[in-house]
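Let's take a friendly look at how side chains meet in a protein model. Have the sequence and the 3D view ready as you read.

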Amino acid sequence: MPNQSTFEDMEFKGWTDPKIARGYADGFATATRLTARHLAAAVVAGPDTHILDLCTGHGIVAAELLAARASVVALDFSEAMLALAKETAPSATFVQGNALEMTFADQSFDAVTVGFGVPHFPDPARGFAEIARVLRPGGRLAFSIWCGQGSAGALGWLFEAYGRLADTSIKLPDGPDAHQFTDHGLVRETLTTAGFEDITSQDVPSELLVKSPSDIFDVFDKGAVRAAVLLSGQSEDTRGAIRASLAERVQMLGRHEADGYHVQAPCVMVSATRC
Ligand SMILES: C[S@@+](CC[C@H](N)C(=O)[O-])C[C@H]1O[C@@H](n2cnc3c(N)ncnc32)[C@H](O)[C@@H]1O
């Protein structure tokens with residue numbers, strides 16, 4: 001991936017790349033499906049609810065909302081992702097746009113879901129203010145975020161291997177910490193400021209599924225943005241060492257079943273009500 005000038009630029013270039021879009025949809029399929037069910041339940045999706053699925057990606061959350069018979073608007077800035085979402089959730093209404101500058105009228109929706117999208121907002125406070133604007137009073141928000149450094153699972157292992165083995169002079173453009181809202185104190189303060197109440201955080205035990213232990217490296221290298229930028233800047237030897245370290249963890253700690261290795265990828269789901 002070429003050098004990126006700003007965080008926003010990096011995120012946009014990454015997610016609009018059809019190879020990254022496909023890599024994310026395939027690599028994170030099991031985890032995102034498990035989490036999508038929690039998000040749909042948290043916003044009490046049902047026949048009389050009009051729900052915005054923000055950062056819809058490959059449409060996995062939109063599909064869960066549709067299964068609950070909600071009417072769904074699915075927004076993403078990536079055409080490549082929207083093409084995948086149209087296959088997953090064909091009866092949603094699709095909008096290409098920026099989550100931080102939405103064109104919807106105030107109080108348009110009963111609920112908003114954001115599956116793993118918040119960490120990609122260059123300005124999370126502005127993102128939450130936009131969500132609050134388009135939600136009706138009493139409307140529900142639910143979003144998910146991966147647990148990062150120090151967590152027991154794939155992302156924790158990646159942070160550990162990267163910190164120990166990688167050339168850390170390779171930097172990302174300045175941007176928000178992807179895992180900051182796993183901190184309940186911070187998320188409560190940020191959402192309260194944006195106009196939410198009844199704010200809860202809940203651990204969600206999701207998992208990734210890979211065919212072979214060394215494939216876990218490819219999940220991050222081919223299906224993410226920040227991680228792909230950092231990994232692509234490493235030498236072949238370093239990439240090989242990180243791959244081997246992750247594979248060893250999967251071999252030791254993954255659950256081997258007929259369909260492959262199931263690997264923990266814990267995340268946190270936050271839900272809140274618009275005041
Ligand atoms: C990690 S994927 C999440 C996909 C899906 N919601 C899920 O639960 O797995 C993040 C998605 O957010 C989209 N995205 C990131 N920043 C965005 C923004 N500012 N506006 C709209 N979409 C954005 C990306 O294109 C990508 O499809």
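Glutamate 160 belongs to helix 7 (residues 154-165) and arginine 249 to helix 11 (residues 236-253), so the pair ties together parts 89 residues apart in sequence. Arginine 249 is partly exposed too, at 24%.

Helices (H or I, at least four residues) and strands (E, at least two) are DSSP runs, numbered from the N terminus.

## About the model

This is a predicted model, in which local features need pLDDT of at least 70 and side-chain atom pairs count only at pLDDT 80 or more, while totals for chains, interfaces and linings use all residues. Residues are numbered from 1 along each chain as its sequence is written, and side-chain values use heavy atoms, leaving out hydrogens and water.

How many salt bridges does a search of the whole structure find? The search gives 17. One of them joins aspartate 9 and lysine 13, with the closest N and O atoms 3.3 Å apart. These two residues are 4 apart in helix 1 (residues 7-15), so about one helical turn separates them.

Arginine 136 and aspartate 110 also form a salt bridge, and here the closest N and O atoms are 2.8 Å apart. This pair links distant parts of the chain, 26 residues apart: arginine 136 is in strand 5 (residues 135-146) and aspartate 110 in strand 4 (residues 109-115). Arginine 136 is partly exposed at 33%, whereas aspartate 110 is buried at 19%.

## Rings that pair

Now for the aromatic side chains. The structure holds 9 aromatic pairs (rings of Phe, Tyr and Trp, the last by its six-membered ring, pair if their centres lie within 6.5 Å; planes under 30 degrees apart count as stacked, over 60 as edge-to-face and the rest as tilted). Tyrosine 24 and phenylalanine 28 are stacked, because their ring centres are 4.8 Å apart and their planes at 25°. Tyrosine 24 is buried at 9%, and phenylalanine 28 is buried at 4%.

Phenylalanine 128 and phenylalanine 181 are edge-to-face, because their ring centres are 5.5 Å apart and their planes at 75°.

Conventions: Salt bridge = Lys/Arg side-chain N within 4 Å of Asp/Glu carboxyl O. Buried < 20%, exposed > 50% of the residue type's maximum accessible area, 1.4 Å probe, protein only.
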